[in-house]
Amino acid sequence: MRVTATADTPLHQLVKWTVHNMATTIERYNPKEAEGRWQKVWNERQCFAASDDTGKPKYYVLEMFPYPSGRIHMGHVRNYTMGDVIARFKLACGYNVLHPMGWDAFGMPAENAAIDRKVHPKTWTYENIAAMRHQLQMMGLALDWSRELATCDPEYYRHEQAMFLDFLAAGLVDRKISMVNWDPVDHTVLANEQVIDGRGWRSGALVEKRELAQWFLKISDYSEELLEALDTLENWPDKVRLMQRNWIGRSEGMRFTFELEDEAGTKLEDGLTVYTTRHDTIFGATFCALSADHPMTQKLAEGSNEIAAFRAECAALGTSEEAIERAEKKGVPLGIYARHPYRPGVRLPVYAANFVLMGYGEGAIFGCPAHDQRDLDFVRKYGLDVIPVVAPRDADPASFKIGDEPYLENDDSQTTMINSDFLNGMSVPEAKEEIARRMEKAGIGERRTNYRLRDWGVSRQRYWGCPIPIIHCDDCGVVPVPKKELPVVLPEDVTFDKPGNPLEHHPTWKNVSCPACGKDARRETDTFDTFVDSSWYFARFCSPHSDQPVEAGAAAYWMPVDQYIGGIEHAILHLLYSRFYMRAMSKTGHINLDEPFANLFTQGMVIHQTYATKTGEWVFPIDVNLDGPKPVHAETGEPIVIGPSEKMSKAKKNVVDPENIIEQYGADTARWFMLSDTPPERDIEWTEAGAEGAWRFTQRLWRAINEAGHTEAGSEPGNDDSDAIALRRATHQALNAVGDDISALRFNRAIARIYELSNTLGQVLKQDKRTDGLNWAIREAAVILVQMFAPMMPHLAEECWQLLGQPGIVVETAWPKAVEALLVEDAITIAIQVNGKRRDEISLQKGLAKEEIESAVLQLDNVQRVLEGQTIRKVIVVPDRIVNIVAG
RNA sequence: GCCCUGCUAGCCCAAAUGGUGGAGGCGUCUGCCUUAGAAGCAGAAGGUUCCCGGUUCGAAUCCGGGGCGGGGCACCA
């Protein structure tokens, strides 16, 4: 074959191929022309509109919706291609498929754009949506665009506001004072990750800790349920379930109260309540410690400069240099003592300590330095006692000592209690049980389960978010906006010339009259965390135009999402919030469902090599010339240093623009590459060579289908037509495997099978002499091949379908059924081992009995030669697999 | 520090329950085709399955120890 083209024509623009040895001239496949054409056909025929025909089995496939940053990136391409393959496959399998798309459209970047470029967040956002919608459409995704939604649309967030009011009424909402990172220059709260070395990432100002009244959703009420239900999510990755389990952080322990006394030994009125999971180590307690923010610390600080100074020090610590400070355990004695409950006359000094958190348990602990690293660090600094109470079973209690490391053995069968009076000789669990019983009996403590999971703070001091539908009245306090006045629409006439939230200094929007008493009042100017928006959008897709948040019938039919696909980075927050939100919506009657995502798949990242100049400046891949012996800058000729492959990021410029790729090769090539080689859960490296390879394959397929299309129709082969039957076997076996692989999301393996069949077909097409039956089998192979790659390369598939003269279009064609009889191989090659070493192989009919195989094998010349002079001790026969002869 | 993961040809990766180490892709090399390059076609090379030990008739796979990479959590009492 030869290409009629000039040397400088980029290969993808070549239009004509001249094929020698063939009478026909094959037009080269031109994705640029074909892709738009087929997208139009699908659109006109409404191929991907989910029908309301609830008689059919449904399948809801969803990829995490994007933030409208303005351009799609390769991560999107990968994510949406995977979902698309499933959507198209399920469609072909006869399901009523829901595959929608929307926009996670609120958030800070829009405000930053407003500040930097003087463009209104709304304008910026909708322009970005338009641009990205166009890019997604270029990918040829099987999306039901009639269900598109944007979270910044009042038609969306009005329901969010209404549900918030229902949550409020149902006791699922709390307003609490909480500690936040406050940027005094920008007048806003910063998330932890926005604080860099103690300074605001934008203003550079020193961040303060400030107490602010914030709205919370009471997710912690559901700690146990969210934890337990993880066991039911069998089709979630174990990794994600484990991460959520750790995040919820259930611990079983005891809460109990020490009696307190002052320096002189006089009993104080208040006791000290602590939380512990190691009540078995109570005899090892040598001090108690309170958080700097503990009420008792606060009270004692009033009378002590030293304690007050310590509290100030802890507050200043804030989020900054946490890592450094963390290493040093510090405290200050409070001048009070805790009476040991089981050691009469022994009292434990009480400290305020920087490593005790107010937010967990009781904000107070007892220290057992022998068996806790932090406590040991602390006592070494302040010269307190160390009493080991757990020791190896065979250790001598009298001589067992703790050095620089605490004794942490957690295998209970290896340890025993020592130095612990009535607990001595017990195992750790026995000791825990004994202490719990005694404390409960004495009425000084009770068993208690604690969770690390905190309530979800949803207030953001931001403009571009969903307004929280609340009015603050001096007389009535917090007043919900009446439902009939919803939505509380974000005002558009705002400016960003002043720091802080524009809603704060909006003259008319903020000032309203109280819905309860009519007096002057103020709107809540905080807006919701955008994770609220994304906690129910998947439910909204079921009935996106309803005047209810979710239409009961639609949700009952479509939910849960059958296959959810997204990045592992959302393993905890988004997925946990969504699980909680479904429960909250169920409690308030908006839906009847606890778990929103039946199957979860977390795909890997797209990575790329990094390129830099000698001076360390990052260079875009597109500007690097790799053709020469050494990489150089395409324009300046400067040498380029190739760095490791990392997640594509603008900062390191190791990005490839999907639109460029689609322009250059077409969407099908980009989609195909994204699915090839690498298993979908792993990171995939984008390489130019790989993309070229995918591109070449589209052309190879096109040529093969062309040739097959020009093959005579033939007639169905008989069983004696071995070539034809062999091809049919290959076809149907591939079909079977590809269906299984797509169902299991093993796209890379499905693709390998498609390559395999395509190679087989290519070989067969080279044969000059063909029977009628073989011609028939060739056409069958071509048709099925097209159907198999249609979910991955849908445009090319339609083009090929037409070329083969098949009726209709591929997306409206049912997935073919493999012929069972062709799936079974009748001849099998069995390997023969002698003493575990492979010596020969034998071809036998499939399904023979062990004895038949054994006798056939033992007769082989090779085998007899190897066995000469040896005694056969044992013959292991694994039917259809292997025979191992043990001899000696 | 704790907990998850991964390690197979130069590279990306396949190898049901332990059963012939290789499906597929990229690259490399040789030849054909070509004025030439690319594409195309025909063929080839390439291995301590990260290391050590164990279980087994048999280990890439299971167990123990170690090495390197990736990720999560990390004052949570």
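Which side chain places an N or O atom 2.9 Å from a sugar or linking oxygen of RNA strand B? In this predicted model, where local features need pLDDT of at least 70, side-chain atom pairs count only at pLDDT 80 or more, and totals for chains, interfaces and linings use all residues, that side chain belongs to Glu-756. Residues are numbered from 1 along each chain as its sequence is written, chains are lettered from A and ligands numbered from 1 in the order in which they are written, and side-chain values use heavy atoms, with hydrogens and water left out.

A polar side-chain atom of Thr-276 is 3.1 Å from a sugar or linking oxygen of RNA strand B, while a polar backbone atom of Leu-357 lies 2.8 Å from a base nitrogen.

In total, 50 residues surround the RNA, counted as near if one of their heavy atoms lies within 4 Å of it. They divide into 21 nonpolar, eleven polar (Gly counts here) and 18 charged (Asp, Glu, Lys and Arg). Helix H21, a DSSP run of type H or I with at least four residues, gives the largest share, seven residues.

Elsewhere, an open sheet has the strand order E4-E3-E28-E29 with parallel pairing; strands are E runs of at least two residues, and two of them pair if DSSP finds at least two bridges between them. E3 and E28 share three bridges, and Val-61 stands opposite Gln-563 in E28. The edge strands are E4 and E29.

How values were computed: Polar contact = N/O pair within 3.5 Å; in protein donor to acceptor, adjacent residues only side chain to side chain.
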